[in-house]
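Reader: I'd like to learn how to read a structure feature by feature. Could you walk me through one?

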Amino acid sequence: MPRLTSAAAAVVTIVLGLGVRALFDGPFAKYAGDALYTVLIYAIVLFCAPRVRPLVAALIAAGLSWVIEFAQLADLPEVLQPLLGSTFNAPDLFWYVAGAALAGATHWSYQSRS
């Protein structure tokens with residue numbers, strides 16, 4: 001996938017995430033944000049490795065999201081908490097996988113048409 005496309009996907013993902021947080025409250029906004037966080041990581045993976053396969057990119061994005069979530073069990077420095085979060089929440093793990101699966105399916109669909 002071209003780097004420009006990956007960068008555009010990252011920007012769109014950020015806008016969607018901010019929009020969801022601005023328009024909705026509660027569990028929907030939180031878990032949609034979790035899924036979109038992983039979609040953003042997926043876009044960054046594609047930007048760094050444009051030829052990566054969708055399954056590999058999805059596994060990397062979900063894996064990094066999980067590592068970040070489990071890191072919240074440690075005492076993270078305050079300066080990292082806005083980026084990495086501060087409270088472990090097990091249901092987030094599911095939504096990271098959902099975001100990675102959505103991004104992977106979209107990527108696969110894009111590749112199939114090319």
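Reader: Let's take L36. Where does L36 lie, and is L36 buried or exposed?

Author: Happy to start there, keeping in mind that this is a predicted model. L36 lies in helix α2. Its relative accessible area is 16%, and because buried means under 20%, L36 counts as buried.

Reader: Which residues is L36 in contact with, leaving aside its neighbours within four places in sequence?

Author: Those partners are T13, L16, G17 and V20. Take V20: 16 residues separate V20 from L36 in sequence, and their C-alpha atoms are 9.7 Å apart in space.

Reader: How should I think about the nonpolar core?

Author: In soluble globular proteins, nonpolar side chains tend to be buried together. Here the largest nonpolar core has 14 residues, and those with the most contacts inside it are I41, Y42, V45, L46, V52 and A57. Helices α2, α3 (54-71) and α5 each supply at least two residues of this core.

Reader: Now the charges. How many salt bridges does the structure hold?

Author: Side chains of opposite charge can pair when their charged atoms come close. This structure holds two salt bridges. In one, the side chains of D34 and K30 meet at 3.1 Å, N to O. D34 and K30 are four residues apart in helix α2, so about one helical turn separates them. D34 is buried at 8% relative accessibility, whereas K30 is partly exposed at 26%.

Reader: Which side chain meets D92 in a salt bridge?

Author: K30 does, with 2.7 Å from N to O. This pair links distant parts of the chain: K30 is in helix α2 and D92 in helix α5, 62 residues apart. D92 is buried, at 3% relative accessibility. Put together, K30, D34 and D92 are linked in a network of salt bridges.

Reader: And E69, what is the nearest side chain of opposite charge there?

Author: For E69, which lies in helix α3, the nearest side chain of opposite charge is K30, 6.3 Å away. A salt bridge needs the nitrogen within 4 Å of a carboxyl oxygen, and E69 is buried yet has no salt bridge. Leaving aside neighbours within four places in sequence, E69 is in contact with T87, F88, N89, D92, L93 and Y96.

Reader: Next, aromatic rings. What describes a pair of them?

Author: Two values: the distance of the centres and the angle of the planes. The structure has five aromatic pairs. One of them, Y31 and W95, is stacked, with 5.8 Å centre to centre and 20° between the planes. Y31 lies in helix α2 (residues 26-48) and W95 in helix α5 (residues 91-113), so the pair ties together parts that are 64 residues apart in sequence.

Reader: What about the rings of F94 and W95?

Author: Their centres are 4.8 Å apart and their planes are at 85°, so this pair is edge-to-face. F94 is exposed, with a relative accessible area of 54%, while W95 is partly exposed at 32%. Y31, F94 and W95 form one aromatic cluster.

Reader: Which ring does the charged end of R3 sit over?

Author: The ring of F47, with the charged end of R3 5.7 Å from the ring's centre.

Notes:
Residues are numbered from 1 along each chain as its sequence is written. This is a predicted model: local features need pLDDT of at least 70, side-chain atom pairs count only at pLDDT 80 or more; totals for chains, interfaces and linings use all residues. Side-chain values use heavy atoms; hydrogens and water are left out. Rings of Phe, Tyr and Trp (its six-membered ring) pair if their centres lie within 6.5 Å; planes under 30 degrees apart count as stacked, over 60 as edge-to-face and the rest as tilted. Buried means under 20% relative accessible area, exposed over 50%, partly exposed in between (1.4 Å probe, protein chains only). A charge sits over a ring if NZ of Lys or CZ of Arg is within 6 Å of the ring centre and within 35 degrees of the ring normal. A nonpolar core is a set of buried Ala, Val, Leu, Ile, Met, Phe, Trp, Tyr and Cys residues joined through side-chain atoms within 4.5 Å. Lys and Arg count as positive and Asp and Glu as negative; His and the chain ends are not counted. Contact means heavy atoms within 4.5 Å.
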